[in-house]
Amino acid sequence: MAPAADRKGYWGPTTSTLDWCEENYAVTWYIAEFWNTVSNLIMIIPPIFGAIQSVRDGLEKRYIASYLALTVVGMGSWCFHMTLKYEMQLLDELPMIYSCCIFVYCMFECFKMKNSVNYHLLFILVLFSLIVTTVYLKVKEPIFHQVMYGMLVFTLVLRSIYIVTWVYPWLRGLGYTSLGIFLMGFLLWNIDNIFCDSLSLYTRTLYLKYRPKVKFLFGIWPVILFEPLRKH
């Protein structure tokens, strides 16, 4: 849950079923969760270059779709955290399911002949996506989405471990490093959810001692600076 002292902002009252720990409209009137929003740039820009490089290398369309799916998820997450509107939340969460389905397809088809199509796997993944979408739109329960997303991620992890352990062992370091980074992100996500009140109290203490300012490096990337308050 977000701190109780959240301000009013451009997008009006929150309608999403989730409101994260970051204080709303603390940096600008136009963005509800500033840092949660701008951090999505890492999911929007690099995958675009990945898709372009995939085209240049003549890779299968499924790999291009994977990169573009990441960009779509990043854009949806940007809209969600910027507005905290339910419609934008769906634009974030449902593409997470769809993109993971694309990743699952790629992982299970990576040893097949070029331009081959596994229609059975495609049918299963499309059906899974449709069922998750239909149920989630009806129940509107974030836990359901998280469980379905977790099932897909678990499938990807198992497949990745199989590949780097028995098929391409020279990729083991890269595979386990990637898994470690993912688990670290998952840990921080849970810390943010579980210890929100404690973290908010800590940041409140810092705020009373220091005056935060936001500056933009090269006019693009936001950086927060703290200046001690002067006693009069």
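In the predicted model described here, A69 touches S99 and I102, leaving out residues up to four places away in sequence, where contact means heavy atoms within 4.5 Å. The model is a prediction in which local features need pLDDT of at least 70 and side-chain atom pairs count only at pLDDT 80 or more, while totals for chains, interfaces and linings use all residues. Residues are numbered from 1 along each chain as its sequence is written, and side-chain values use heavy atoms, with hydrogens and water left out.

A69 is found in helix α3, residues 61-83; helices (H or I, at least four residues) are DSSP runs numbered from the N terminus. With a relative accessibility of 12%, A69 counts as buried, a class that means under 20% relative accessible area, whereas exposed means over 50% and partly exposed lies in between (1.4 Å probe, protein chains only). The C-alpha atoms of A69 and P95 are separated by 7.4 Å, although these residues are 26 apart along the chain.

Attention then turns to the nonpolar interior. In soluble globular proteins, nonpolar side chains tend to be buried together. A nonpolar core is here a set of buried Ala, Val, Leu, Ile, Met, Phe, Trp, Tyr and Cys residues joined through side-chain atoms within 4.5 Å. The largest such core has 14 residues, of which I97, C100, L125, F128 and L152 touch the most other members. Helices α4 (86-109), α5 (119-139) and α6 each supply at least two residues of this core, and its largest share, 6 residues, comes from α4. Apart from this core lies another, made of 6 residues that include L18, Y25, A32 and L84. When its neighbours within four places in sequence are set aside, L125 is in contact with C101, V104 and Y105.

C101 is itself buried, with a relative accessible area of 5%. The sulfur of C101 lies 7.3 Å from the closest cysteine sulfur, that of C100, which is too far for a bond, since a disulfide is a pair of cysteine sulfur atoms within 2.5 Å. By this rule the count comes to 1 disulfide, formed by C21 and C196, whose sulfur atoms are 2.3 Å apart. The link of C21 and C196 is right-handed, with 95° about the S-S bond. Because C21 lies in the segment before α1 (34-38) and C196 in helix α8 (residues 196-209), the pair ties together parts that are 175 residues apart in sequence. Both C21 and C196 are buried.

Charged side chains were examined next. Side chains of opposite charge can pair when their charged atoms come close. A search of the whole structure finds 2 salt bridges, each defined as a side-chain nitrogen of Lys or Arg within 4 Å of a carboxyl oxygen of Asp or Glu. In one of them, the side chains of R62 and E60 meet at 3.7 Å, N to O, and both R62 and E60 are buried. A salt bridge also joins the side chains of E109 and K112 at 3.1 Å, N to O; here E109 is buried, with a relative accessible area of 2%, whereas K112, at 42% relative accessibility, counts as partly exposed.

Finally, W170 lies in the loop between α6 (142-167) and α7 (172-194), and W170 is exposed, with a relative accessible area of 65%.
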